[in-house]
Amino acid sequence: MAFFKSATREVPDTRPVPRHVAIIMDGNGRWAKKRFLPRVAGHVKGVESVREIVRACIEQGVEYLTLFAFSSENWRRPAEEVSLLMQLFVTALQQEVEKLNRNGVRLRVIGDLSRFDTRLQELICNAEAATAGNTRLHLTIAANYGGRWDILQAVNRLAAVAPDKAGSWTEADLEPYLSTHFAPEPDLFIRTGGEERISNFLLWQLAYAELHFTETLWPEFDAEALAAAIASYQRRERRFGRTSEQLTAQEPGAR
């Protein structure tokens, strides 16, 4: 397991380009509706945006990209749409893994995968194994994922491993069991589609992420839109509980 600095225990290193970007890809259905197309057409178009943002992250120096593809609450959608989304997930895995591998991208899928059918679980397992040696970009897809589920499953795993410490567990004890234990905490969170909420996504991990909301629908979110989000991030003052004066005092040449 990899271990990274926790923003609530240590001041993490900051850099001009966010090391880890997390995105809620919202607006596929509305994009299709505006064009009098079925909702699934928006999801298909959204896969093209994933390709472009993966390329853009590599070009801009982002090391980790986490995409919220399907939440644990999305099962409430019409059965036909859910079925089409599952088919699209299968197709994307079949068509994209070789390209990801060729471009040095490591793929992981996080979430409660037990609800997916056996074929989809096998494709996920094979894709993760095929790209396991890649380090150019760490791409994580959150599928049947929920932030509360993530915290609960981590607590349950910790309880099984260290029951004797119950009542005195610390953040450091829990973090290795979170589904994103292999990645630093997100520096930049982006939500497309105009909504301004985090919708049960990475509740623990987003504690000190900079939040960027855009009206742009996901199928229209491109490299230029990502650059604008990163430019917004670069204008933020990342204090992590400190004061502006403390940051100024740490600047090179400050007295």
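The model is predicted, so local features need pLDDT of at least 70 and side-chain atom pairs count only at pLDDT 80 or more, while totals for chains, interfaces and linings use all residues. Residues are numbered from 1 along each chain as its sequence is written, and side-chain values use heavy atoms, with hydrogens and water left out.

Trainee: Which residues of strand β5 point the other way from L188 and I190?

Mentor: Strands here are DSSP runs of E with at least two residues, helices are runs of H or I with at least four, and both are numbered from the N terminus. In a regular strand the side chains alternate between the two faces of the sheet. Strand β5 covers residues 188–191, and its residues are buried, a class that means under 20% relative accessible area, with exposed over 50% and partly exposed in between, for a 1.4 Å probe and protein chains only. L188 and I190 point one way, and the residues pointing the other way are F189 and R191.

Trainee: In β5, which residue is the bridge partner of I24?

Mentor: Two strands pair if DSSP finds at least two bridges between them. Strand β1 (residues 20–24) meets β5 in the parallel sense over four bridges. Within β5, the partner of I24 is R191.

Trainee: And in β6, which residue is the bridge partner of L188?

Mentor: Strand β6 spans residues 210–213 and also pairs with β5 in the parallel sense, over four bridges. The β6 partner of L188 is E210.

Trainee: Does R236 count as buried or partly exposed?

Mentor: For E210, the relative accessibility is 15%, so E210 counts as buried. R236 has a relative accessibility of 28%, and therefore R236 counts as partly exposed.

Trainee: How far apart are the closest N and O atoms in the salt bridge of E210 with R238?

Mentor: In this pair, both E210 and R238 are buried. The closest N and O atoms of their salt bridge are separated by 3.4 Å.

Trainee: Where does N200 lie?

Mentor: N200 counts as buried at 16% relative accessibility. Contact means heavy atoms within 4.5 Å, and, leaving aside neighbours within four places in sequence, N200 is in contact with residues including F68, Y145 and R148. Its location is the loop between β5 and β6.

Trainee: The backbone oxygen of which residue lies 2.7 Å from a polar atom of the side chain of T192?

Mentor: T192 lies in the loop between β5 and β6 and is buried, with a relative accessible area of 0%. Not counting residues up to four places away in sequence, T192 touches several residues, among them I24, M25, T214 and W218. The backbone oxygen at 2.7 Å from a polar atom of the T192 side chain belongs to D26.

Technical notes. Salt bridge = Lys/Arg side-chain N within 4 Å of Asp/Glu carboxyl O. Polar contact = N/O pair within 3.5 Å; in protein donor to acceptor, adjacent residues only side chain to side chain.
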